[in-house]
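Let's take a friendly walk through one protein model, a few places at a time. Have the structure open beside you as you read.

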Amino acid sequence: MNLLKREQIKYVFRPPLYSAVLAPFLLWLSEVFYMRRTFDVRHVEIEGEDAVRALQDQGHMLLIAPNHADHADPSVMCHVGTRSGLRFHFMAAREVFEKRTPLGRWLLQKIGVFSVDREGADISAIKMAMSLLQEGTHPLIVFPEGEIFHHHERLAPLNEGVATILVRAMKGQPDNQKGFLVPTAIRFSYEPSIEDSFDSRLSQLEERITWKPRSDMDPVDRIYRLGRGLLASKEVEFLGSARPGALVDRIKGLQHELVSRVENDYWGEERDGTIPDRVKALRATIRKELTDDVEDAPERVQELYDDLDTLFLAVQLYSYPGQYLAEDPTRHRIAETLVKLEEDVTGEAVYAAPRKAHVRFGAPIDVKGFLEEGGFTVKTGVGPLTELLAERIQSMLEEMTEADRTR
């Protein structure tokens with residue numbers, strides 16, 4: 001119900017109110033109370049920051065684009081900025097502000113965070129992002145995946161809006177100020193002690209859905225058994241019966257059915273695109289109707305919130321790629337899958353052992369040089385630029401994963 005209550009809040013753009021006096025203290029608090037205590041990240045390894053800092057000191061436009069697979073990502077990047085002398089601004093989803101108190105929202109703004117309505121045409125947020133980039137004093141961090149999907153070693157499709165913002169910000173700027181897109185990879189790894197928590201946590205999940213705990217089973221088998229059971233319950237709820245077939249096919253089938261059902265209700269047809277893109281378009285449509293005068297139509301309001309619930313489930317399902325865990329059942333993938341299951345089943349993620357974050361800044365992409373070399377215009381270059389960004393981030397994640405295996 002908390003999600004639905006937040007959906008009813010009328011969106012208000014929250015600009016950054018960066019304070020050079022307060023920010024260092026607030027960032028220290030973020031590290032102590034969020035990164036270390038809440039998310040149990042005890043060590044952060046940083047690579048490639050020197051090149052980024054040099055570009056910052058030269059006043060160039062810097063858009064930092066990390067993958068986003070964990071709730072700790074913003075806190076970790078705040079820590080990275082403090083250690084590396086990088087003074088970041090952050091674009092954050094409206095929900096980040098709406099779930100906080102007025103004081104909490106004000107504190108976020110004081111460290112350079114501003115809001116964006118991801119489903120709406122948030123002109124204020126776009127203009128603010130472009131303005132910050134053009135000032136050239138604070139690199140801007142935007143997470144191009146948009147959502148948190150909890151698979152650290154596999155990138156989800158990126159939103160082209162991130163590249164669009166930087167390309168548009170470069171228009172009309174002096175030749176001595178370049179625009180750079182910085183692919184950034186964040187990967188979390190767990191200490192071996194995390195394995196001691198698997199049995200008890202899986203038992204709690206099994207008991208939560210009234211199953212007898214199966215401590216005799218392999219953790220991966222137990223996770224897939226849980227997944228099949230939870231999926232079957234949703235298939236019965238939405239489709240009338242559990243479906244046969246491989247788990248990955250069933251997940252995709254339910255995703256498609258849920259999103260297509262809402263699309264047909266609103267538009268009379270199914271639309272192309274990824275699940276996140278289709279959900280984004282639908283949420284924008286629903287939110288627009290909710291901001292209209294529908295208070296005298298409680299039945300319609302309930303229908304709108306039911307549709308938002310359906311879309312939320314579709315996004316949850318998208319976080320489970322099916323074979324991601326089975327193809328490489330390391331303790332890291334088991335742990336992150338468990339965190340996702342706990343969050344979806346109980347509403348609270350559990351970080352049961354200390355973690356390490358590894359942050360790597362890739363080679364900054366000179367956007368003007370990329371467009372000229374490829375013969376792209378501003379419009380035609382956004383797609384290829386986004387594809388290059390995705391390739392660079394995924395490549396770094398794979399390299400970091402391989403390096404972790406050899407340690």
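## Around Ile 111

Leaving aside residues up to four places away in sequence, Ile 111 touches Tyr 18, Ala 23, Leu 26, Leu 27, Cys 78 and Phe 88 in this predicted model. Ile 111 itself sits in the loop that links helix H6 (102-110) to strand E4 (113-116).

Is Ile 111 buried or exposed? Its relative accessibility is 10%, and buried means under 20%, so Ile 111 counts as buried. One of its contacts, Leu 26, shows how the chain brings residues together: Leu 26 and Ile 111 are 85 residues apart along the chain, yet their C-alpha atoms are separated by 7.1 Å.

Leu 17, Leu 103 and Trp 106 make a nonpolar surface patch of about 280 Å². Leu 17 belongs to the loop between helix H1 (2-7) and helix H2 (23-38). With a relative accessible area of 34%, Leu 17 is partly exposed, because that value lies between the 20% limit for buried and the 50% limit for exposed.

How many of the residues of strand E6 (residues 179-190) are buried? The count is 12 of 12. Both faces of E6 are covered. On one side you will find Gly 179, Leu 181, Pro 183, Ala 185, Arg 187 and Ser 189, and on the other Phe 180, Val 182, Thr 184, Ile 186, Phe 188 and Tyr 190.

Which strands pair with E6? Strand E2 (residues 61-66) runs parallel to E6, with 6 bridges, and here Pro 66 stands opposite Thr 184. Strand E7 (residues 355-361) pairs with E6 in the antiparallel sense over 7 bridges; look for Ala 185 opposite Arg 360. Strand E8 (residues 365-366) is also antiparallel to E6, with 2 bridges, and Asp 366 in E8 is the bridge partner of Phe 180.

## Helix H9

Our last stop is helix H9 (residues 198-208), whose buried residues are Phe 198, Arg 201, Leu 202, Ser 203, Leu 205 and Glu 206. Here is a handy rule for reading such a list: an α-helix has 3.6 residues a turn, so residues three or four places apart point the same way.

What covers the buried residues of H9? The cover includes helix H10 (219-239) and helix H14 (331-346). Just after H9, Thr 210 takes a positive phi of about 65 degrees.

Key:
Residues are numbered from 1 along each chain as its sequence is written. This is a predicted model: local features need pLDDT of at least 70, side-chain atom pairs count only at pLDDT 80 or more; totals for chains, interfaces and linings use all residues. Side-chain values use heavy atoms; hydrogens and water are left out. Helices (H or I, at least four residues) and strands (E, at least two) are DSSP runs, numbered from the N terminus. Buried means under 20% relative accessible area, exposed over 50%, partly exposed in between (1.4 Å probe, protein chains only). Contact means heavy atoms within 4.5 Å. Two strands pair if DSSP finds at least two bridges between them. Patches are made of residues with over 30% relative accessible area and no salt bridge: like charges are joined within 9 Å, nonpolar side chains (Val, Leu, Ile, Met, Phe, Trp, Tyr) within 5 Å. Accessible areas come from the Shrake-Rupley method with a 1.4 Å probe; for residues, only the protein chains shown count as cover. A salt bridge is a side-chain nitrogen of Lys or Arg within 4 Å of a carboxyl oxygen of Asp or Glu.
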